[in-house]
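Q: I am new to this structure and would like to learn how to read it step by step. Could you take me through its features, giving the general idea before each case?

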Amino acid sequence: MVAKTPEYLVSHGKTGALGRFVSASPERFVRGARVVLQSERGLTLGVVLCEATPQHARLLGAAGLGQLLRRADPEDDAARRQMLGREQQIFDASRSLATELDLPMEILDSELALDGRRVILQYLLAGSCDPAALVQRLAARFEIEVWLENLAAPVPDEHAGGCDKPDCGRANGGSGCTTCGGGGCSSCGSSKVDMRAYFAHLRDKMEEHRTSLL
């Protein structure tokens, strides 16, 4: 009988995103192990939380699905440290360009992949805009693939229409969202985001987990 390839729940990225990662390593990992991941966000570092179960798969679906390549080593840490200066340069340039182009978006952070090939700009949106010019100029200046991630975008509802594709929100070289086209996609900033619904959702979640002190 062939042994099942282990999967792990791993926290990764600056926002601590949670994903399921299929292991490509013969090593078994325990909670707290630092690992190198390949996901739709690019090559990145992560921290193992636990082995993934069928219940985790049902709850998370395809969200954050990727591959766990190996345990992180000192060379990976050194590569990450070397990226910090370039990451800061991209962040500063993106904020300056957003102001120059008069875009109603607040860029909060940048996250550079471990191999330096891709950057994710995390932002909040205050209105409708087309970020294509911003992405084009950043991609040309830094010779890098640029993705946009709207931190205020609500989780897509599978019954609400839209593209509902794994790369929704991606803007590569100014092409905008690769799946939504010109129809408007809240995750890539081409349509207005209703912040009231977003914060109402957060309040509901807080009420669910609130414990009385009396």
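A: Let us begin with burial, for which one cut-off is needed: a residue is called buried when its relative accessible area is under 20%, exposed when that area is over 50%, and partly exposed in between. Please keep in mind throughout that this is a predicted model.

Q: Is E87 buried or exposed?
A: E87 has a relative accessibility of 4%, so by the cut-off of under 20% this residue counts as buried.

Q: Which elements does the chain have, and in what order do they run from the N terminus?
A: The chain has four helices and eight strands, and from the N terminus on they follow the order β-β-β-β-α-β-α-β-β-α-β-α. To see how the chain folds back on itself, one can look at contacts between residues at least 6 apart in sequence, and here 63% of those contacts join residues at least 24 apart. The accessible surface of the chain comes to about 12500 Å², and carbon and sulfur atoms account for 53% of that surface.

Q: How many salt bridges are there?
A: The general idea is to look for a side-chain nitrogen of Lys or Arg within 4 Å of a carboxyl oxygen of Asp or Glu. By this rule the count is 15 salt bridges.

Q: With which residue does K14 form a salt bridge, and how far apart are the closest N and O atoms?
A: One partner of K14 is E87, and the closest N and O atoms of this pair are 3.0 Å apart. Because K14 sits in the loop between β1 (7-12) and β2 (17-23) while E87 belongs to helix α2 (residues 74-100), the pair ties together parts that are 73 residues apart in sequence.

Q: What does the salt bridge of D109 and K14 tie together?
A: The side chains of D109 and K14 meet at 3.0 Å, taken from N to O. Since D109 lies in strand β6 (residues 105-112) and K14 in the loop between β1 and β2, this pair ties together parts that are 95 residues apart in sequence. D109 has a relative accessible area of 26%, which makes it partly exposed. Salt bridges can also join into a network, and here K14, R80, E87 and D109 are linked in one.

Q: Which residue meets R70 in a salt bridge?
A: The partner of R70 is D76, at 2.7 Å from N to O. R70 counts as partly exposed at 34% relative accessibility, while D76 counts as buried at 7%.

Q: Why would one roll a probe over the atoms?
A: A probe the size of a water molecule, rolled over the atoms, shows where empty space is left. As a case in this structure, the second largest pocket has a volume of about 180 Å³. Its lining consists of 15 residues, and those nearest the centre of the pocket are G13, K14, T44, L45 and R80.

Q: Which elements supply at least two residues each to the lining of the second largest pocket?
A: They are β1, β4 (42-51), α2 and β6, and β4 gives the largest share of this lining, with four residues. Sorted by kind, the lining of this pocket has five nonpolar, six polar and four charged residues.

Q: What lines the largest cavity?
A: The structure holds one cavity of 30 Å³ or more, and the largest cavity has a volume of about 50 Å³. The residues that line it are R41, L43, T44, E111, L112, A113 and I120, with β4 and β6 as the elements that give two or more residues to this lining. Four of the lining residues of the largest cavity are nonpolar, one is polar and two are charged.

Q: Where is R41 placed, and which residues does R41 touch?
A: R41 is in the loop between β3 (34-39) and β4, and counts as buried at 13% relative accessibility. Leaving out residues up to four places away in sequence, R41 touches H12, E111, A113, R118, I120, Q122 and E149. The C-alpha atoms of R41 and L112 are separated by 9.3 Å, although these residues are 71 residues apart along the chain.

Key
Residues numbered from 1 in each chain as written. Predicted model: local features only at pLDDT ≥ 70, side-chain atom pairs only at ≥ 80, totals over all residues. Heavy atoms only, no water. Buried < 20%, exposed > 50% of the residue type's maximum accessible area, 1.4 Å probe, protein only. Contact = heavy atoms within 4.5 Å. Areas by Shrake-Rupley, 256 points an atom, 1.4 Å probe, with all protein chains shown as cover. 1 Å grid on protein atoms, 1.4 Å probe; cavity = no way out; pocket = protein on both sides within 12 Å on 5 of 7 lines; lining within 4 Å. Points joined across faces, edges and corners; volume = space filled by probe spheres on them. Nonpolar A, V, L, I, M, F, W, Y, C, P; charged D, E, K, R; others polar.
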